[in-house]
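Work through the exercises below with the structure in view. Each task is followed by its solution.

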Amino acid sequence: MVKLTIDNQVIEVPEETTVLDAARKLGIKIPTLCYNPHLKPYGGCRMCVVERTQENSTRPPDLIVSCAYPAENGAIILTGSERVLKARKFVAELLLAKCPDSKEINELAESYGVSRNDKSDVVGYYLLNRAVSVNSTKCVLCGLCTRVCAELVGMSAVSFSGRGSKRKIKTPFDRISKTCIGCGACAYLCPTKAIRIEQAEE
Amino acid sequence: MKTENQIEIASIEELRNEILSKRKPDQPEIVVAGGTCGFASGALEIIDALKSELKKHNLEEEVSLKVTGCHGFCAIEPAIVINPGNIFYGGLLEKDIPEIVSETIMNGKIVERLLYVDQSTDEKILHEEDIPFYKKQTRRLLANNSRIDPLNIEDYIAIGGYSALEKALEIGPDSVIDIIKASGLRGRGGAGFPTGTKWEMTRKAQGEEKFIVCNADEGDPGAFMDRSLLEGTPHSVIEGMIIGGFTIGSNIGYIYVRKEYPLAIEHLHRALEKAHEYGFLGEDILGTGFSFDIEIVRGAGAFICGEETNLLKSIEGAIVEARTRPPFPVNKGLWESPTALNNVKTLSSIPLVIGNGAEWYSNIGTNTSKGTIIFALVGKINNSGLIEVPMGITLREIIYDIGGGIPKGKKFKAVQTGGPSGGCLPEAMLDMPVDFESLTKAGTIMGSGGMIVMDENTCMVEIARYFLTFTQDESCGKCTPCREGTKHMLDILTRITKGEGHEDDLTVLENMGNLIIDVSLCALGKTAPKPALSTMRYFREEYEAHIKNKKCPAKVCKALIKYSIVADKCTGCHLCFRNCPTKAIVGEAKKAHDIIPEKCIKCGICFESCRFDAVRIE
């Protein structure tokens with residue numbers, strides 16, 4: 001067992017428990033996008049960041065992803081500090097700039113106080129008003145679809161292609177995937193409903 | 001299992017004495033500086049010319065010809081050293097060879113015109129080590145590059161090679177860790193983590209199998225330190241890795257090397273073969289019962305694979321994607337097993353540290369950064385090349401004393417350390433000591449050793465845009481801030497260089513850059529904004545000129561400059577007229593010319609070619 005402090009509450013959890021799970025045991029809410037308890041931790045979306053320091057440590061606190069970071073003895077976690085909220089707001093703004101039409105991302109951004117008209121938030125105001133608009137999409141590249149298909153379904157019918165800002169979710173060669181069994185797990189998990197299931201004609 | 005042709009060794013010292021006894025120290029010798037850079041500048045032709053000239057004079061048996069790795073001074077290659085006499089000739093052409101053989105080799109006379117001339121004193125210099133470029137250096141790791149034939153293991157053993165391995169096997173892993181810790185050796189890949197501690201952690205980590213991995217995925221543009229070491233002294237890296245394997249309790253090591261380094265890969269392969277033959281690799285190394293082997297894995301050209309979690313994924317054959325740490329590779333690395341990942345330069349330092357002791361290593365350097373550091377000194381600098389200097393040396397000493405200053409009498413503007421994710425430092429920072437902490441404080445990073453010098457004709461906004469283009473392109477795309485954020489930063493910078501900057505742009509860039517550094521997953525995202533942030537910190541007025549006045553002070557950004565011809569100065573020589581690729585220049589011979597702005601693509605050819613300073617950039 002390891003003992004750590006989250007938002008001034010001490011909790012003891014089994015080793016290898018993530019900070020996210022420990023926080024949720026205490027009833028503390030941490031937002032997630034790319035996390036699913038049945039899949040391996042990914043740490044890509046960065047919505048679940050929290051601040052972490054160690055008892056008696058002289059080092060400045062780190063910003064870590066709670067979904068992938070293990071609970072450690074003597075860790076002191078802050079889930080709602082100014083730095084954490086600023087980071088989450090930034091991630092939400094980046095995603096909203098990418099997916100302006102997604103209802104889910106709009107709601108997420110709103111919950112972090114993102115507003116198109118807030119000029120005091122220079123980065124947010126830029127991203128939502130002046131930034132070069134990329135092709136609007138609903139996909140936030142959280143990778144839940146590719147991971148569920150690989151880890152649980154065992155088919156890898158969809159995957160990432162390209163890197164950096166050219167990254168996309170694709171089927172092999174952009175054709176209907178031959179390994180897709182139509183189970184719908186990807187569409188079910190997609191946090192922004194970017195995947196649709198259609199009934200194919202015989 | 002012992003292979004058939006394996007050599008029986010009683011002790012390294014005995015072996016070394018045997019090698020030395022066979023050698024003829026008085027035999028004349030010609031040493032050619034090789035390596036990729038040497039070959040590219042014509043060393044292969046020089047070697048062929050030397051061979052045929054020696055043959056012509058029936059000197060093949062009497063004179064030995066040795067091709068070493070890169071000697072470092074790229075600007076004067078191809079170069080050779082002749083012994084006895086330790087005579088250095090640089091900037092050679094094939095046609096110089098007959099004279100060298102007939103005069104220096106056969107008659108012991110010096111060919112004066114081929115000697116290096118000191119630019120500041122006009123003095124001719126006879127010995128390589130007396131050239132100003134080498135004088136302020138402390139060449140510990142790079143020394144072997146000038147001394148040994150990398151393909152001849154006996155050369156390496158003759159200068160003390162593999163003695164450190166023998167010593168390590170004798171004193172045991174704990175003593176090896178103690179020595180490395182006491183030496184203060186820190187990882188040369190960029191982060192500067194103490195090597196002794198890393199090995200101790202890997203040794204203590206739980207796991208049936210352990211690995212040691214050499215990071216030779218040197219991807220920074222303009223950096224070639226690791227390539228040069230792998231080419232010039234592959235056995236140093238191999239010896240360091242065997243010692244590492246023994247220390248952490250591993251039986252297999254991987255060298256992850258860029259596929260763009262074919263010569264380094266070839267030299268590594270041949271060195272590994274030889275190390276097997278001599279029993280330094282394989283089963284029961286030197287009769288100690290310790291078994292270790294090394295495999296080479298070639299990278300496929302992705303910059304991101306230089307980051308440790310990506311590199312390990314790549315060896316596993318998986319899609320490269322940064323992974324959140326912890327667990328750190330020392331606990332869960334390659335195939336979830338404890339893994340020590342070290343840079344080429346770190347591993348090459350190991351035989352020196354073990355062989356000469358901790359005190360010898362730490363007697364140079366600063367309080368927190370010990371030993372020497374290798375830089376690839378490139379850009380707008382007279383003496384470009386590979387340098388090794390003691391930690392704590394100032395940037396000014398590197399750029400002016402070793403580098404010989406800026407070409408064409410131009411003014412120094414900035415120096416960038418740490419590759420595409422490092423920061424740019426201005427003139428005012430040149431007296432700062434070079435060590436891990438000072439560079440970080442100044443807003444850049446040590447990185448793995450790239451050092452790019454820029455002169456007054458460099459636009460700092462364009463530089464920031466260029467490096468961000470690189471890192472943005474090389475981002476794996478897994479985490480939101482690096483994937484999306486760097487793209488937005490790049491968009492803003494591109495706009496500024498086009499003269500479309502907005503008054504809020506600098507505040508946005510600064511805030512966004514700091515957020516990306518804070519929130520990104522791996523070292524790429526955590527450093528990618530640094531070129532932009534550091535240039536905004538030190539060259540803010542240049543950004544403001546672009547945004548407010550729509551001017552590029554360095555006259556680089558095409559959208560903000562205009563070429564015109566000064567009628568009074570133009571002689572009508574027609575040179576620009578003939579060279580202009582878009583026929584944008586009009587005018588009759590011997591009369592002042594003119595540029596048609598609509599046709600001009602601002603390539604600058606007219607400016608470069610005009611001999612009368614008649615082309616003006618506004």
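Helices here are DSSP runs of H or I with at least four residues, numbered from the N terminus. The model is predicted.

**Exercise 1.** State in which helix B:P98 lies, and classify B:P98 as buried, partly exposed or exposed.

Solution. Start with the secondary structure: B:P98 belongs to helix α4 of chain B, which spans residues 97-107. Next, apply the cut-offs: 20 or more other C-beta atoms within 10 Å make a residue buried, 12 or fewer make it exposed, and the range in between is partly exposed. B:P98 has 15 C-beta neighbours inside 10 Å, so it is partly exposed. As for B:K210, 112 residues away along the chain, its C-alpha atom is separated from that of B:P98 by 55 Å.

**Exercise 2.** Describe the open sheet of 4 strands in chain B and find its edges.

Solution. First, read the order, which is β9-β8-β7-β10 with parallel pairing. Then find the strands with a single partner: β9 (293-299) and β10 (339-343) of chain B stand at the edges, so each has one side without a neighbour in the sheet. On average, neighbouring strands are turned by 20° against each other, direction ignored. Now take one pair: β7 of chain B (residues 211-216) and β10(B) are parallel over 5 bridges. In β10(B), B:A340 is the residue opposite B:I212.

**Exercise 3.** Summarise the make-up of chain A.

Solution. Count the elements: chain A has 6 helices and 7 strands. From the N terminus their sequence is β-β-α-β-β-β-α-α-α-α-β-β-α. Then consider burial: 37% of the 202 residues of chain A count as buried.

Methods. Residues numbered from 1 in each chain as written. Chains lettered and ligands numbered in written order. Predicted model: local features only at pLDDT ≥ 70, side-chain atom pairs only at ≥ 80, totals over all residues. Helix = DSSP H or I, 4+ residues; strand = E, 2+ residues; numbered from the N terminus. Pairing = 2+ DSSP bridges. Axes fitted to C-alpha atoms, helices over the stretch in contact; angles between N-to-C directions.
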